[in-house]
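The tour below goes from one selection to the next.

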Amino acid sequence: MKSSWKDECQEPFCCISHEFLRSALKNPSKVAVVHASGGLQICREMEKIALKGENLSILEQEWPVKSPPVFKGDVFFTYGELLSAVEALSCQIRKVFVGKDDLQLSRTEGYDHSVEDPEVPVSESVVGLWRQPRVVGVHMTPSVEYIVAILSVLRCGGAFLPLDPSWPQDRLLQVATCSQCSLVLTCSTSSRSIWAQIKEFSVLYFSMISALPNNGLSNLEWPCKSKFPRLYCYLMYTSGSSGKPKGVCGTEEGLVNRFLWMQKAFPVCHGETLLFKTPVSFIDHIQEILTAVLSCTPLIIPPDELRAYPFYLVDILKLYRISRLVTVPSLARALLPVSLRSKWIELRESLKLLVLSGQTLFVSLWSVLYQLLPETVILNLYGSTEISGDCTFFDCTNLPKILQTEALTTVPIGIPMPNCDVNLQESDTTNEGEICVSGSCVFAGYFDDICKENSARHSHPPFFKTGDFARRLHSGDLLFIGRRDRTVKVNGQRIALEEVEDALLRQPDVINAAVIEESHGDLDDSCGLNYLKAYIVLNIDADSHRKQTSSINENVLTESLVASIKSWLSRRLPPGMLPADYSFVKSLPVSSSGKVDYVALQGLCSLSKHLDEEKNQTHLFHERLGTVKQVFCDVLVLEKVQDNDDFFALGGNSILAALFSHRLGVDMRLIYSFPTPASLAAAALDREVTFQSKRLKLNNSSVEKGADHKILMANARDVSIEDSIVWSSGLNLSESCSFSRCNQFTWAGNSEEWKCIRRIETKIDKLWDFRELWRVQLKSCVDASPLLVSKNQELLVFIGSHSCTFCCLDALSGSVRWKTPLAGRIECSAAVTSDFSHVVVGCYEGNIYFLDFDSGAISWIFRTSGEVKMQPVAWRNLVWCGSHDHWVYALDYVQQSCVYKVFCGGSPYGSPAVDMAKNLIYLASTSGRVTAVLAEPPTFKVLWVYESGAPVFGSPSLDSSTGNVICCGVDGRVVSLNSAGSVVWQAITGGPIFAGACISRALPCQVLVCSRDGGVYSFQSNSGELLWEHQLEDPITSSAYVDEQVQLVTGTSNRAQRLVCACGSSGRIRLLKVDEDMMNSSELGGERAVEEVGGVDLDGEIFSSPVMISTRIFVGCRDDYVRCIEAVISTATSSTSNNGESSA
């Protein structure tokens, strides 16, 4: 007899299916699931508005106030619809189980599900008979269909197997085959081709859009009332040390126990909204679903695009007022740059619970999260797939008390949850041991083991040895201390390195392989910086192929092999298990027992350095020796040199050494270490950076139509190292000095300006061409502006990128002098200390590095509590640098100490401005505050604070002619303040300003400001009067730069002009010609004060402010390159002297 829904709701909590029924019937019309497609569109709009520096308040006024908010474009379903869909799909699955057909079923011909009775007990336990359930694969992304699918499988007595669509096809088929899965549920018709390859699989397609029959409550037996209870209710595969994935059979008892603990300890309250964001291959996603559907709470599902753009997550949390977030620490860390911290603060009212699990949680990360979300409960959970996801918990509210007595760098994993027994299998050390778990949370066993037992007696494992080791603190909490096997966690995913090795060994070109875990930086201070590295021994055929192609560049060969192996692995392993780095070696080191010595792998050399057999070494040496001797003769203008002649004894100097290194294609430092042909030949290296011959793209949108604006190519005939040496010699760099963005210039001598000026006579109508002299690949976005330093008659470029590597380059050739890896990505420019002994740069991990000028070795690290995106400034023996912890620090790099710090009220982005005459330091921050500090060491004093009312991202700039400081806000205002903090003048541009003003003595009385509206503005420095405006028609987020070493003289007139470089965000570089004397601009006879005379477009966006020295432009780009581009006078002329884009 068919029972009513009301009757079934009277039962106590007995199973997930019953509890879902009771929950859904509480309020059938309540929103259950929202697909946040409309919310994603709002996120995109928010990003565009933020980039423009506009206020979000107008957009927020249109947001719905009901709970949960549903935006235009969202798709939502009620609990009544969810319940009907579950009942209908459960009946369809049961029909398939007994061999019946269905219109939405794609079945292999001749296959019949009814050959086995799903109710036959396969094992007997001490408490009765158990049955092994049918396994149903669910191949779907997080969606309402996925939720309906797993609830339906549970309802009809089966066990669901999550099949992550991000997995490669081979992995999907392997897991489905190993699990003996005979039915796959999917909501994508494109998935059918995957499953059609294996005859054992039938595919049932369904969608919430297509109507499912609504017949009320089905007559299916409730799982909790079955005569033969199922042994497990879900099957999930994790990485296995045997080389194959392991199937974990999880129990309903474990899921229910975990859910009830959370409901009792941190109950879901009325008005809350939850989030389903965890991939289906992680067990945490089950509790995200159950917490919502068993408490009748709305569940928001962000689109798949969230994986590609995880930074939208914070916006999703704000938009939908999410009250609980489950995530891994590495993702939380990734979402904490300053650009998002203000958004985190906005979550204080809505986000009630933050659950972190899957990785070690560091105290440093907790501290930042606690400061941002002081009212949010932060939990650190510990567990694994074998123990229903979690078995211990730690409420971080108790952490400050523990830190008073315990010196910890990581957060404890806490105490056991109810019905979970957690013990330490003691080791030699007191209170330390392997974590062993027993109780309701423990899984039923591994799938293969259960299948082997078949009809044997079966009971749950008495306990589970996790392989994790912990220490018991005085408080009774457990502290995770690591593992002793080869299982690691990367971004929260457990990986058995043996499985990755097994996949590598199946690749035809690989004869042996070993995989280890490596990390960037110090993992004690950050999360999620570990990755996998593979060491590979090629088989004979592959090695022979490499020898046959030895004439090809070694890097090309290596990249080709890596690409082939990556492609092989990507078809077999989930994305999270792929190594990030590959190294080819001749053999793997082995221990005395004959096993691979993984510790010794760290010291292995790459195969690329050992391609040649020993029998070829003599021939190669003499070949190299002949090449080196020939270059010696060419550079030193000698007819003959001996093997042991010294380069410098024969008349070589630093400039000739630069020419030599370019000709030979080696690092210039080698000639100093190995000055003879014989010693250099033995130590010769492959060239790292070469001149490029790529033609730059010209954008003619803002130059006269019809102009023949040719871009010269930089090849051996167009530009050579000899040209660069002539160029360098013309600079007359006799004293140490540095050049940085906004025309910041420092020097070691007593002169207060650079006297060397190169005068170029040109016609009024002449245009300029560009040629790329060199470019260097920095492996990630280059947002930092270059720092150029002249020392010992050498000109060097210092710059870093998002790849966490900081480089020193030869400004003439682009060759790399040294590279230093840092702990985090680099977005700020560097500075050089007053004695030119060190280069100073900050990184995203909050560190300020002092690097030896000559070698790049780290001399000192000063740690702050926030990201460092501020360019340091050196004055006297101190370096001033700020952090996103809202402080600016005065650092004594000699004594390696912080002597003073000042609170800025917000995050400082731009570098401080220094008034050396008045001993004043000016600081600006994103709060809009401008602070003046009197710096007379050892005395420091804040003289005044000015609140501009709008965030200041650019550097404050000092006008040395007036002593005023110029500050630019994102509201488009330019403010001039005197040394007393009073406003001298204000001006306004047509858009937000994100970079500092450019002030140069080459353009007296002019303040150049670039705006996001694409305009370059010139204001009179005394009054703020607009002198001229030029439109680039491209948003600008960087500062302009005036070439102070070149003065243009037009014909026989006395008119002098300067070149100004400005870069648009889309990659547009434009060259402007500006009159020096704007005070007499009225005497120009109608001629323009500013004129665009040339431009090029790069392939990537430009956020880096350029530096231009004597017609050479140094600039970083988001296509991962830093470039040196030279401007040269074109043979073409402009067709008219009237340009509508500029106005004076």
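Is Asn539 buried or exposed? At 16% relative accessibility Asn539 counts as buried, where buried means under 20% relative accessible area, exposed over 50% and partly exposed in between, with a 1.4 Å probe and protein chains only.

Before going on, note that this is a predicted model, in which local features need pLDDT of at least 70, side-chain atom pairs count only at pLDDT 80 or more, and totals for chains, interfaces and linings use all residues. Residues are numbered from 1 along each chain as its sequence is written, and side-chain values use heavy atoms, with hydrogens and water left out.

**Stop 1: Asn539**

Select Asn539 in the loop between β27 (530-538) and α19 (540-548). Helices (H or I, at least four residues) and strands (E, at least two) are DSSP runs, numbered from the N terminus. Now show Pro508: the Asn539 side chain reaches the backbone oxygen of Pro508 at 2.4 Å. Not counting residues up to four places away in sequence, Asn539 touches Pro508, Asp509, Val510 and Ile511; contact means heavy atoms within 4.5 Å.

**Stop 2: two helices**

Select α6 (residues 144-155) together with α10 (residues 284-293); these helices pack at an angle of about 85°, and their axes are 12 Å apart. Axes are lines fitted to C-alpha atoms, for helices over the stretch in contact, and angles run from 0 to 180 degrees between N-to-C directions. That angle makes α6 roughly perpendicular to α10, a label for angles of 65 to 115 degrees. Show the side chains of Tyr146, Ile147 and Ile150 on α6 and of His285, Ile289 and Val293 on α10, which make the contact.

**Stop 3: a hairpin**

Move to β35 (residues 805-810) and β36 (residues 816-821), which pair in the antiparallel sense over 5 bridges. Two strands pair if DSSP finds at least two bridges between them. Phe806 stands opposite Thr820 in β36. The two strands form a hairpin with 5 residues between them, and Gly814 in the turn has a positive phi of about 85°.

**Stop 4: an open sheet**

Select β45, β46, β47 and β48: these 4 strands form an open sheet in that order, with antiparallel pairing. β45 (913-915) and β48 (939-947) stand at the edges with a single partner strand each, so one side of each has no neighbour in the sheet. From one strand to the next the twist averages 20°. β47 (residues 929-936) pairs with β48 in the antiparallel sense over 8 bridges. Within β48, Lys941 stands opposite Leu934.

**Stop 5: Ser883**

Ser883 is in the loop between β42 (878-882) and β43 (887-892). Its relative accessibility is 0%, so Ser883 counts as buried. The side chain of Ser883 reaches the backbone oxygen of Gly866 at 3.0 Å. Leaving aside neighbours within four places in sequence, Ser883 has contacts that include Thr864, Tyr889 and Pro908.

**Stop 6: Arg741**

Finish at Arg741, in the loop between β29 (737-740) and β30 (744-747). At 16% relative accessibility, Arg741 counts as buried. Which residue's side chain is joined to that of Arg741 by a polar contact of 3.4 Å? Select Ser955: the polar contact joins the side chains of Arg741 and Ser955. A polar contact is a pair of N or O atoms within 3.5 Å; within protein, one must be able to donate a hydrogen and the other to accept it, and residues adjacent in sequence count only if both atoms are side-chain atoms. Finally, pick the C-alpha atoms of Arg741 and Ala997, which are 256 residues apart along the chain and separated by 9.8 Å.

Methods
Parallel < 35°, antiparallel > 145°, perpendicular 65-115°, else oblique.
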